[in-house]
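Me: Please take me through the structure shown below by question and answer. Begin with the terms used for accessibility.

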Amino acid sequence: MNFTTPLSAVPRIGPVFQKRLKKLGITTVRDLLFYFPRTYEDLSKITPIAEIKEGTFYCIAGEILEISEERTFKKRMHLTHAIVRDDTGTIKALWFNQPYLPQTLRKGERMYLAGRVVRDAKGIYLSNPIYEKFAEGEMNLIHTGRIIPVYPETRGISSRWLRSIIRIILQGLTEKIEDAIPEKITQEERFLPLQTALKQIHFPDTLENIEKAKKRFSFEELFFISLFVLTERKKIASVKAVPIPFDEQLMKKFTSSLPFQLTDAQKKAAWHILKDLEKPRPMNRLLQGDVGSGKTVVATMASLAVTKKGYQAVFMAPTEILAQQHFKTVGQLLAPFKITAGLLTGKADRFISPKLPNDYIEISRKKLLEKALKGDIDILIGTHALIQKEVRFGKLALVIVDEQHRFGVKQRAQLLRHAQLIPHLLSMTATPIPRTLALTIYGDLDLTLIDELPKGRKKIETRIISPQEREQAYQFIAKEVKQGHQVFVICPRIEKSEIRNPKSETPNKKNGWSETKAVKEEYEKLSKEIFPNLRIAMLHGKMAQKEKEEIMRKFKFGKIDILVSTSVVEVGVDIPNASVMMIEGADRFGLAQLHQFRGRVGRSDQQSHCFLFTESSSRTVAERLRALVRLESGFELAEKDLHMRGPGDFNGVKQWGIPDFAMQQLSNVALVEKAREAAKNILEKDIALHTYPLLKKRVEELREKLHLE
Ligand code: ADP
Ligand code: MG
């Protein structure tokens with residue numbers, strides 16, 4: 001048996017189990033050995049029966065004195081009774097509904113039993129104990145009498161079964177299995193050798209060894225990811241792109257046409273990008289700037305540079321509302337430059353020709369796609385719709401992806417698919433990527449920060465509002481509107497009657513979930529009862545496209561005072577006159593999302609406010625909301641989020657398929673840096689990994705998984 005042995009060749013894994021395992025993606029010996037325990041239970045301490053007290057979990061060792069079964073007809077239960085004795089005394093054991101037990105456990109046999117001691121009408125007894133026959137020697141005990149592994153729960157595959165099979169495999173691994181981590185690293189870092197680490201992660205001898213094994217496997221995972229990301233980066237650097245010469249006159253003309261002065265940070269970012277565009281290699285840059293820092297205008301400068309040289313740009317946004325907004329903003333900003341722009345979303349296709357600087361004409365999708373292919377559209381703006389197969393470009397030189405964490409690696413690859421020359425790529429995000437993530441899974445990007453907000457912006461006052469303070473908050477809102485400002489009200493749902501996921505917990509105050517507010521209901525309440533004299537509208541994803549657009553337009557032009565909306569306005573929406581962001585059911589949203597909501601206000605020099613409503617009394621909710629009150633910078637909030645919730649919640653992270661235990665290590669800066677350094681060192685000497693066939697194979701596997709999935 002070795003790593004590549006298929007499970008069908010392993011004793012005791014029949015077709016039924018092969019099928020069940022396959023569902024978990026486990027088909028080889030290697031897969032199964034890398035199916036790690038979720039947690040462990042320490043049953044290594046054997047307690048003399050005389051010392052046992054009720055209510056506690058014990059492992060005992062003794063001889064079965066009696067065993068008998070009983071059927072209770074009333075409750076249709078099968079009971080197995082046993083009396084067990086050691087040198088210090090006897091105790092009863094009781095199993096429920098395990099009718100095969102009397103055949104397995106025989107009178108006179110010596111056993112280990114582990115379970116909770118309970119006392120009820122049946123007396124005092126070990127309830128449903130785990131059992132295992134007494135045996136000498138290493139690895140003979142796997143269910144009791146040691147630290148035992150507990151595997152992720154799956155229907156049809158019990159921890160008990162997995163323990164037996166994994167023991168068979170570990171004992172059957174006769175050929176030496178090759179470790180992909182080079183020996184030099186294993187020695188320097190004093191990692192457990194692969195075979196030892198595998199044994200210790202499944203059947204640890206000590207609690208300390210669990211940590212040692214985990215550290216090794218986490219490193220391994222991060223190391224492979226780093227190798228992959230760094231090789232990708234090298235690859236991109238070796239392909240050709242269209243160089244776009246820097247046109248100073250043009251950029252001066254653009255900046256002087258703006259109604260404001262660029263901040264220094266914006267200038268610096270634009271400079272980085274325009275310098276990248278000059279190179280014959282594709283730019284691969286991430287522009288990171290907190291909400292409201294003015295990324296759009298920087299992206300527009302890059303588009304202008306490219307389109308004025310006769311090439312095309314694509315500008316992709318995560319939502320339809322945002323695509324619409326970019327279409328209008330970019331259209332306006334570039335109006336003096338005779339640039340054509342198209343809008344392609346799931347539902348609406350628009351076109352701006354130079355003759356219609358501030359307006360647009362609707363054209364058919366077919367026409368729009370023809371124009372894109374012929375190169376008659378300079379900038380095509382849109383949503384996911386842009387990555388469909390039929391969208392092709394004649395002269396694409398720049399791809400801009402706004403809030404790229406929503407797209408991820410896979411989609412990026414899709415966009416680049418048709419191009420003969422690889423286009424330059426500019427990703428923009430307000431969600432700052434914590435350092436460790438930036439080093440690992442986003443490590444193939446160059447990073448530019450806009451670390452400054454436009455002048456005159458004030459800190460957004462953020463407050464957690466208790467149910468008793470609701471009335472006051474409404475009065476405050478009325479006052480703001482009176483002064484000519486606008487308000488967002490965010491609700492977690494569209495309708496109250498939405499069908500709940502039957503698996504999810506029923507919300508109640510105790511488990512930290514508050515009753516959810518719904519857009520339709522709040523809209524009714526606010527417009528009829530609370531603010532009958534104000535202009536109120538609602539917005540949600542199920543509304544018709546035209547209707548949504550009309551509402552956003554009215555809101556933008558100050559014709560609506562209060563907009564009650566779902567999270568569709570989460571990202572990017574720009575209404576500088578809005579001064580209050582009120583979030584209902586704030587406990588329902590993550591930190592990054594809340595920060596995005598908050599960023600919808602505070603986009604001018606007026607004082608803005610963010611109200612967080614919650615009825616939850618959960619401590620983690622409170623901690624999350626307090627972090628938002630305390631911290632203004634998205635970067636600090638992201639670090640906090642990573643620590644509180646783990647990286648699984650950062651969009652785009654899931655598709656890497658990083659195992660849970662390694663995910664947890666993603667916030668471990670030292671380990672991440674170590675893995676990256678190790679990968680760098682290897683690639684410096686051997687970029688193609690010729691001398692490391694195993695590593696090469698693993699990197700290929702990762703590439704396949706990410707690009708083809
Ligand atoms: P984000 O970085 O969140 O995408 P936007 O690009 O939407 O931010 O810009 C936010 C608002 O700030 C917009 O209304 C934009 O016109 C304005 N803005 C951008 N740059 C400046 C600047 N240098 N001075 C003043 N306002 C600016
Ligand atoms: Mg934006």
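Reply: A residue counts as buried under 20% relative accessible area, exposed over 50% and partly exposed in between, with a 1.4 Å probe and protein chains only. The model is predicted: local features need pLDDT of at least 70 and side-chain atom pairs pLDDT 80 or more, while totals for chains, interfaces and linings use all residues. Residues are numbered from 1 along each chain as written, chains are lettered from A and ligands numbered from 1 in written order, and side-chain values use heavy atoms, without hydrogens and water.

Me: Is Ala 50 buried or exposed?

Reply: Ala 50 belongs to the loop between strand E1 (39–42) and strand E2 (57–72); helices (H or I, at least four residues) and strands (E, at least two) are DSSP runs numbered from the N terminus. The C-alpha atom of Ala 50 lies 8.8 Å from that of Ile 91, a residue 41 positions away in sequence. Since its relative accessible area is 56%, Ala 50 is exposed.

Me: How many aromatic pairs are there?

Reply: Rings of Phe, Tyr and Trp (its six-membered ring) pair if their centres lie within 6.5 Å; the pair is stacked with planes under 30 degrees apart, edge-to-face over 60 and tilted otherwise. The count of aromatic pairs is 17.

Me: Is the pair of Phe 34 and Phe 36 tilted or edge-to-face?

Reply: Ring pairs join Phe 3, Phe 34, Phe 36 and Phe 217 in a cluster. Within it, Phe 36 is buried because its relative accessibility is 9%. The centres of the Phe 34 and Phe 36 rings are 5.5 Å apart and the planes meet at 35°, so the pair is tilted.

Me: Which geometry do the rings of Trp 95 and Tyr 131 adopt?

Reply: Trp 95 lies in strand E4 (residues 89–96) and Tyr 131 in strand E6 (residues 123–133), so that the pair links distant parts of the chain, 36 residues apart. Both Trp 95 and Tyr 131 are buried. With ring centres 6.3 Å apart and planes at 85°, the pair is edge-to-face.

Me: Which residue lies over the face of Tyr 131?

Reply: A charge sits over a ring if NZ of Lys or CZ of Arg is within 6 Å of the ring centre and within 35 degrees of the ring normal. Such an arrangement is found at Phe 34, where the charged end of Arg 30 sits 4.0 Å from the ring centre. Over the face of Tyr 131, at 4.1 Å from the ring centre, lies Arg 160.

Me: At what distance is the polar side-chain atom of Lys 295 from an oxygen atom of ligand 1?

Reply: Around ligand 1 there are 17 residues, and Gln 261, Gly 292, Lys 295, Thr 296 and Asp 574 come nearest; near means a heavy atom within 4 Å. Oxygen atoms of ligand 1 also lie 3.0 Å from a backbone N or O atom of Gly 294 and 3.0 Å from an N or O atom in the side chain of Arg 457. For the polar side-chain atom of Lys 295 the distance is 2.8 Å.

Me: Is Arg 285 buried or exposed?

Reply: Arg 285 is part of strand E8 (residues 284–289). Its C-alpha atom is separated by 9.8 Å from that of Ile 400, 115 residues away along the chain. Because the relative accessible area of Arg 285 is 9%, this residue is buried.

Me: What is the phi of Lys 338?

Reply: Most residues other than glycine have a negative phi. Lys 338 occupies the loop between helix H11 (320–333) and strand E10 (341–344), and with 58% relative accessibility it is exposed. Although Lys 338 is not a glycine, its phi is positive, at about 55°.

Me: Is Leu 689 buried or exposed?

Reply: Leu 689 sits in the loop between helix H22 (669–685) and helix H23 (693–708). Its phi, near 60°, is a positive value in a residue other than glycine. A relative accessible area of 3% is why Leu 689 counts as buried.

Me: Where does Gln 18 lie?

Reply: Gln 18 is partly exposed, as its relative accessibility is 26%. The C-alpha atoms of Gln 18 and Thr 28, 10 residues apart along the chain, are 9.8 Å from each other. The element that holds Gln 18, at residues 15–23, is helix H1.

Conventions:
Polar contact = N/O pair within 3.5 Å; in protein donor to acceptor, adjacent residues only side chain to side chain.
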